[in-house]
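This report describes selected features of one protein chain.

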Amino acid sequence: MARFSALLDACALVPITQADLLLRLAEAGLYRPLWNHRILEETVAAIEAVHPQTKASGSARRRVNTMNKVFLDACVDHWEPFVESVDLPDPDDRHVVAAAVRGRADLLVTANLKDFPVEHLAPLGIEVQSPDQFLMNQLDLAPQDVMIALQHMAQATQNPPMTIREILSSLERCGLSAFSVAAAQQLWRISP
C-alpha cells in the first residue's frame, strides 16, 4: 500500500521519460498518484503541441487512457466545487489544487513552483515539490526500488534502446539534474 498520495501536474506528465519513471514508482507502491481529467487534457494538449504527429496517431490520448486503466483510483472526480475557494496567482491553476484537496493529496508535484506558492498551499496541508525534488526524496526513501524501476525502464525501452545512463541523461534534460546525478551514483545497487 502506498505511503502517501501525490497529485501530478500536467507538466510532470508531459516528458515521457519523466512520466514513465513517476508512474513506475507509483506502480511499485511508493506513492499513490492522483490527477483529474483536466490535468490529463492539458497533458495531451502539451504533448500534441510539442510532437504534432502524436495527434494523428492518437498516442498521447492512448497514454492518458492507459494511465487511467492502470491506476483506477488516480483520477479525482468532483473537484469542481473546491475551485472557487482556491487562491492562486494564476486562476487557471486552481483546478490542480482543487483536485489535490478533493483527492486528499499529501503533495503536489509540479515544475511550475512559482504558480503554486507555499503560503497558498500550506493552509490546505499540501506540500509542493518539483519533479527533481520528489524523485530525490523517493531515491532517499527507497533507493533499491527506484534503481529497479530505472533498470526496468532500460529493459523496456526499445525504440531506440536506452541504457540506464542514457535514461538518466534524458531525465537530466527534463530538469532532473540532482536526481540524475544521485541515481548515477547508485548504479552499483543493480546488476550491470
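The following paragraphs take these topics in turn for what is a predicted model.

**Helix packing**

Two packed helices are described by the angle between their axes and the distance between the axes. Helix H3 covers residues 37-50 and helix H5 covers residues 59-70; their axes approach within 9 Å and cross at roughly 150°. H3 is therefore roughly antiparallel to H5, since an angle over 145 degrees counts as such. The crossing in which H3 passes H5 is right-handed. On the H3 side, the contact is formed by Leu40, Glu41, Thr43, Val44, Ile47 and Glu48, which meet Ala60, Arg61, Arg63, Val64, Met67 and Asn68 of H5. By class, the residues of this contact comprise six nonpolar, two polar and four charged.

The second pair is made up of H10 and helix H11, the latter spanning residues 177-184, with axes that come within 8 Å and cross at roughly 160°. This angle makes H10 roughly antiparallel to H11. The crossing of H10 and H11 is left-handed. Arg165, Leu168, Leu171 and Glu172 are the H10 residues in this contact, and they meet Ser177, Phe179, Ser180, Ala183 and Ala184 in H11. Five nonpolar, two polar and two charged residues make up the contact of H10 with H11.

**Cysteines**

How many disulfides does the count come to? The count comes to zero. For Cys75, the closest cysteine sulfur is that of Cys11, at 17 Å, which is too far for a bond because a disulfide requires sulfur atoms within 2.5 Å. Cys174 likewise takes part in no disulfide, and the nearest cysteine sulfur to it, again that of Cys11, is 11 Å away. Cys75 is partly exposed at 23% relative accessibility, and Cys174 is also partly exposed, at 30%.

**Backbone geometry**

The peptide bond joining Asn159 and Pro160 is cis, with omega about 0°. Pro160 belongs to the loop between helix H9 (143-156) and helix H10 (164-173).

Positive phi values occur at two residues described here. His78 is not a glycine, yet its phi is positive, at about 60°. This residue, His78, is placed in the loop between H5 and helix H6 (94-102), and His78 counts as exposed at 55% relative accessibility. Arg104, likewise a residue other than glycine, has a positive phi near 60°. The position of Arg104 is in the loop between H6 and strand S3 (107-109), where Arg104 is exposed with a relative accessible area of 71%.

**Surroundings of individual residues**

Is Ser5 buried or exposed? Ser5 is buried, its relative accessible area being 9%. Ser5 is part of strand S1, which covers residues 5-8. Apart from neighbours within four places in sequence, Ser5 contacts Arg32, Leu34, Arg104, Ala105, Asp106 and Leu107. Among these partners of Ser5 is Arg104, the residue with a positive phi near 60° noted above.

Arg94 lies in helix H6. With 19% relative accessibility, Arg94 counts as buried because the cut-off is under 20%. When neighbours within four places in sequence are left aside, the contacts of Arg94 are Val83, Glu84, Val86 and Leu88.

Leu124 is located in the loop between helix H7 (118-121) and strand S4 (127-129). Its relative accessible area of 42% makes Leu124 partly exposed. Not counting residues up to four places away in sequence, Leu124 touches Val97 and Val101. The C-alpha atom of Leu124 is separated by 9.4 Å from that of Ala100, a residue 24 places apart from Leu124 along the chain.

The accessibility values of the residues discussed are collected below.

| Residue | Relative accessible area | Class |
|---|---|---|
| Ser5 | 9% | buried |
| Cys75 | 23% | partly exposed |
| His78 | 55% | exposed |
| Arg94 | 19% | buried |
| Arg104 | 71% | exposed |
| Leu124 | 42% | partly exposed |
| Cys174 | 30% | partly exposed |

Key: Residues are numbered from 1 along each chain as its sequence is written. This is a predicted model: local features need pLDDT of at least 70, side-chain atom pairs count only at pLDDT 80 or more; totals for chains, interfaces and linings use all residues. Side-chain values use heavy atoms; hydrogens and water are left out. Axes are lines fitted to C-alpha atoms, for helices over the stretch in contact, and angles run from 0 to 180 degrees between N-to-C directions. Helices (H or I, at least four residues) and strands (E, at least two) are DSSP runs, numbered from the N terminus. Angles under 35 degrees count as roughly parallel, over 145 as roughly antiparallel, 65 to 115 as roughly perpendicular and the rest as oblique. A crossing is left-handed if the near helix is turned anticlockwise from the far one by less than a right angle, and right-handed if clockwise. Contact means heavy atoms within 4.5 Å. Ala, Val, Leu, Ile, Met, Phe, Trp, Tyr, Cys and Pro count as nonpolar, Asp, Glu, Lys and Arg as charged, and the others, Gly among them, as polar. Buried means under 20% relative accessible area, exposed over 50%, partly exposed in between (1.4 Å probe, protein chains only).
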